Amino acid sequence: MRSLFAGALAAALMFSAAAFAAEAEGKIKSVDRDNLTITLENGKSYKLPGEVDIDSIQEGMSVLLAYDTVGDQNMITDMELSE
């Protein structure tokens, strides 16, 4: 009985975590290379993953982002760049 409850709880937590995933689209207004963040023209900031090639990201590029909100930070999980 206990394992059934634990499995149901784990499934509920997995689905609730997925509910926080979101998307954003826009042009990059600024790139903060020290803090690994970008800010879009709408003023919202997003934290880049550590493995990103920061030199390939420039102001003025159009982006499509998938991100999760963790605390007060928007953590990018996927990003498409276009010129």
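This report describes the strand pairing, nonpolar core, aromatic pair and selected residues of the structure above. The model is a predicted one.

Strand β4 covers residues 62-70, and strand β5 covers residues 73-82. The two strands run antiparallel and are joined by nine bridges. Within this pairing, Val63 is placed opposite Leu81 of β5. Two residues separate the strands of the hairpin, where Gly71 adopts a positive phi near 65°.

Val70 also belongs to β4. Its relative accessibility is 53%, so Val70 is classed as exposed, the threshold being over 50%. The C-alpha atoms of Val70 and Ala21 are 10.0 Å apart, while 49 residues separate the two in sequence.

**The nonpolar core**

The largest nonpolar core contains 15 residues, and those touching the most other members are Ile28, Ile38, Leu40, Tyr46, Leu65 and Met79. Strands β1, β2, β4 and β5 are the elements that contribute two or more residues to this core.

**The aromatic pair**

One aromatic pair is found in a search of the whole structure. The pair consists of Tyr46 and Tyr67 in an edge-to-face arrangement, with 5.0 Å from centre to centre and 65° between the planes. Tyr46 lies in strand β3 (residues 45-47) and Tyr67 in β4, so the pair ties together parts that are 21 residues apart in sequence. Tyr46 has a relative accessibility of 2% and therefore counts as buried, the limit being under 20%. Tyr67 is likewise buried, at a relative accessible area of 11%.

**Polar contacts at Ser45**

Thr39 and Asn74 each have a polar contact to Ser45. Thr39 is found in strand β2, and the side chains of Thr39 and Ser45 are joined by a polar contact of 3.0 Å. Beyond residues up to four places away in sequence, Thr39 touches Lys27, Ile28, Lys29, Ser30, Lys44 and Ser45.

Asn74 is located in strand β5. The side chain of Asn74 reaches the backbone oxygen of Ser45 at 3.2 Å. Apart from neighbours within four places in sequence, Asn74 is in contact with Ser45, Tyr46, Lys47, Tyr67, Asp68 and Thr69.

**Leu36 and its backbone**

Leu36 lies in the loop between β1 (21-32) and β2 (37-40). Phi of Leu36 is near 50°, a positive value in a residue other than glycine. Most residues other than glycine have a negative phi. The relative accessible area of Leu36 is 24%, so this residue is partly exposed rather than buried, for which the value would have to be under 20%.

**Accessibility of the residues discussed**

The table collects the accessibility values for the residues treated above.

| Residue | Relative accessible area | Class |
|---|---|---|
| Tyr46 | 2% | Tyr46 is buried |
| Tyr67 | 11% | Tyr67 is buried |
| Thr39 | 15% | Thr39 is buried |
| Asn74 | 16% | Asn74 is buried |
| Leu36 | 24% | Leu36 is partly exposed |
| Val70 | 53% | Val70 is exposed |

Definitions and conventions: Residues numbered from 1 in each chain as written. Predicted model: local features only at pLDDT ≥ 70, side-chain atom pairs only at ≥ 80, totals over all residues. Heavy atoms only, no water. Helix = DSSP H or I, 4+ residues; strand = E, 2+ residues; numbered from the N terminus. Buried < 20%, exposed > 50% of the residue type's maximum accessible area, 1.4 Å probe, protein only. Polar contact = N/O pair within 3.5 Å; in protein donor to acceptor, adjacent residues only side chain to side chain. Contact = heavy atoms within 4.5 Å. Pairing = 2+ DSSP bridges. Core = buried A, V, L, I, M, F, W, Y, C linked by side-chain atoms within 4.5 Å. Phe/Tyr/Trp six-rings, centres within 6.5 Å; stacked < 30°, edge-to-face > 60°.
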